[in-house]
Amino acid sequence: MNIMDFNVKKLAADAGTFLSRAVQFTEEKLGQAEKTELDAHLENLLSKAECTKVWTEKIMKQTEVLLQPNPNARIEEFVYEKLDRKAPSRINNPELLGQYMIDAGTEFGPGTAYGNALIKCGETQKRIGTADRELIQTSALNFLTPLRNFIEGDYKTIAKERKLLQNKRLDLDAAKTRLKKAKAAETRASSEQELRITQSEFDRQAEITRLLLEGISSTHAHHLRCLNDFVEAQMTYYAQCYQYMLDLQKQLGSFPSIYHCNNNQTSVAPIPSASSNAIGSSALTSTSGLVITSPSNLTDLKECSGSRKARVLYDYDAANSTELSLLADEVITVFSVVGMDSDWLMGERGNQKGRVPITYLELLN
C-alpha cells in the first residue's frame with residue numbers, strides 16, 4: 001500500500017466518523033436517540049471551569065480599562081504584545097498635565113505666587129504620573145499576566161480535551177445505536193466489539209478531562225495570591241498620591257499673604273490637612289470645604305486690644321521662621337497685630353511666638 005492509498009483510506013475513515021457523529025448529534029437533538037450523560041461530579045467541574053473562564057475574562061478586561069482608559073492605547077499595546085515587541089514609552093495624562101503646569105508657571109514667573117504654585121502643582125502631578133506608571137507595570141506583571149496565561153493556556157487545553165470528550169461520547173452512543181439495530185449474529189458481534197472499544201476510549205478521555213478540571217481549584221488559589229498583589233499595588237499607589245497631595249497642600253498653604261498681593265482679594269489661609277464635622281461655635285464650614293472663622297469672633301478679637309485663648313484644631317507645620325508650628329488640641333494665646341493679613345493672627349506659646357492661620361483655631365471665651 002502506497003502513501004496515497006493510505007491517505008485516501010484515512011480520509012474516508014475520518015469522513016465516516018464525522019458523519020456518524022453528526023447523525024448521532026442530530027438524532028439526539030430531535031429526541032430520536034439516547035445520550036450518555038456525564039457523571040454529576042464531572043458536570044460540576046465543567047461548570048466551574050466555564051464560570052472561571054467567563055469571570056476571569058471580564059475581570060481582566062475591566063482591569064485593563066481601569067489601568068489604561070484610552071482604548072487606542074490599549075489596542076496599540078495589544079498589537080505590540082502580539083508582535084512580541086516592547087511598546088514605545090508614552091507620557092501619561094498626569095505627567096502631561098504636570099508639564100503644562102510647569103511650563104505655564106515658568107512663563108508667568110517663578111517669583112509670582114501663581115507661577116510658583118503652578119510649578120509646585122506640576123511637579124506633584126509628574127510624581128503622580130510616575131506612581132501611575134509603576135502601578136500599571138506592577139499590576140500587569142503580577143495580576144493581568146497570570147489571568148491571561150490561564151485564558152490562553154490552561155483553559156484552552158481544557159476546552160480542547162472537553163471537545164474530544166464530546167466526540168468520544170458521540171462515538172460511544174453511535175456504537176450503542178448500531179448494536180441495537182444489529183440483526184445478524186456476525187454484525188452483532190462486530191457492533192459489540194466496537195462498543196467495548198468506544199466505551200474504553202470514552203472512559204479514558206473522561207478521566208483525562210476530570211484531572212485537568214480538578215486543577216481549577218489550584219487556579220483559584222493562584223489567582224487569589226495575584227489579587228492580593230494587585231490590592232497591595234493599589235494601596236501603595238494611593239498612599240503615594242495622598243502623601244504627594246498632602247505635601248503639596250502644605251506648600252501651597254505657605255503663600256496666603258502673597259495671594260493677597262497678587263490678586264487684590266482676601267487672602268486664603270492654609271487648608272487644614274484633616275476635616276472636621278463640628279468645629280465649635282467659632283468656625284463654620286464653607287461649601288468648598290474650607291473652614292472659615294466666624295465673623296463675630298473675629299470682629300471681637302480685632303476690636304479687643306488684649307489677647308485671647310484659642311484651641312488648635314489641627315496640626316500645622318510652620319513654613320518659615322515667622323510662623324508658629326501647632327499641635328492639635330493644645331491651647332495657645334493669640335492676638336492681632338496692626339497691618340497683619342486678616343486670615344492670620346500672632347500666636348504665643350511660652351517663649352515661642354509666630355504667625356498662625358485662623359482656620360486652624362477655635363477661639364475660646
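Reader: Which residue forms a salt bridge with Arg210 here, and how do I read that term?

Author: The general idea: a salt bridge is a side-chain nitrogen of Lys or Arg within 4 Å of a carboxyl oxygen of Asp or Glu. In this case Glu214 is the partner of Arg210, and their closest N and O atoms are 2.6 Å apart. Glu207, Arg210 and Glu214 are also linked in a network of salt bridges.

Reader: What should I know about the model before going on?

Author: This is a predicted model, where local features need pLDDT of at least 70 and side-chain atom pairs count only at pLDDT 80 or more, while totals for chains, interfaces and linings use all residues. Residues are numbered from 1 along each chain as its sequence is written, and side-chain values use heavy atoms, with hydrogens and water left out.

Reader: Are Glu214 and Arg210 buried, partly exposed or exposed?

Author: Buried means under 20% relative accessible area, exposed means over 50%, and partly exposed is in between (1.4 Å probe, protein chains only). Glu214 has 33% relative accessibility, so Glu214 counts as partly exposed. Arg210, at 22%, is partly exposed too.

Reader: How many salt bridges does a search of the whole structure find?

Author: There are 15. One of them joins the side chains of Arg188 and Glu192, at 3.9 Å from N to O. Both residues lie in helix 6 (residues 185–213), four residues apart, about one turn of the helix. By helix I mean a DSSP run of H or I with at least four residues, and by strand a run of E with at least two, numbered from the N terminus. Arg188 is partly exposed because its relative accessibility is 37%, and Glu192 is partly exposed at 32%.

Reader: What about a pair that links distant parts of the chain?

Author: Take Arg349 and Glu330, a salt bridge whose closest N and O atoms are 2.9 Å apart. Arg349 is in strand 5 (residues 344–349), while Glu330 sits in the loop between strand 3 (308–312) and strand 4 (331–335), 19 residues apart from Arg349. Arg349 is partly exposed at 24% relative accessible area, whereas Glu330 is buried at 17%.

Reader: Next, helix packing. At roughly what angle do helix 4 and helix 5 cross?

Author: Axes are lines fitted to C-alpha atoms, for helices over the stretch in contact, and angles run from 0 to 180 degrees between N-to-C directions. The axes of helix 4 and helix 5 (residues 113–181) come within 7 Å and cross at roughly 160 degrees. Angles under 35 degrees count as roughly parallel, over 145 as roughly antiparallel, 65 to 115 as roughly perpendicular and the rest as oblique. Helix 4 and helix 5 are therefore roughly antiparallel to each other.

Reader: Is the crossing of helix 4 and helix 5 left-handed or right-handed?

Author: A crossing is left-handed if the near helix is turned anticlockwise from the far one by less than a right angle, and right-handed if clockwise. This crossing is left-handed. Helix 2 (residues 40–67) also packs against helix 5, at about 150 degrees with the axes 10 Å apart. That makes helix 2 roughly antiparallel to helix 5, and the crossing is again left-handed.

Reader: Where is Ala233?

Author: Ala233 is in helix 7 (residues 216–252), and Ala233 is buried at 11% relative accessible area. The C-alpha atoms of Ala233 and Ile136 are separated by 9.0 Å, although the two residues are 97 apart along the chain.
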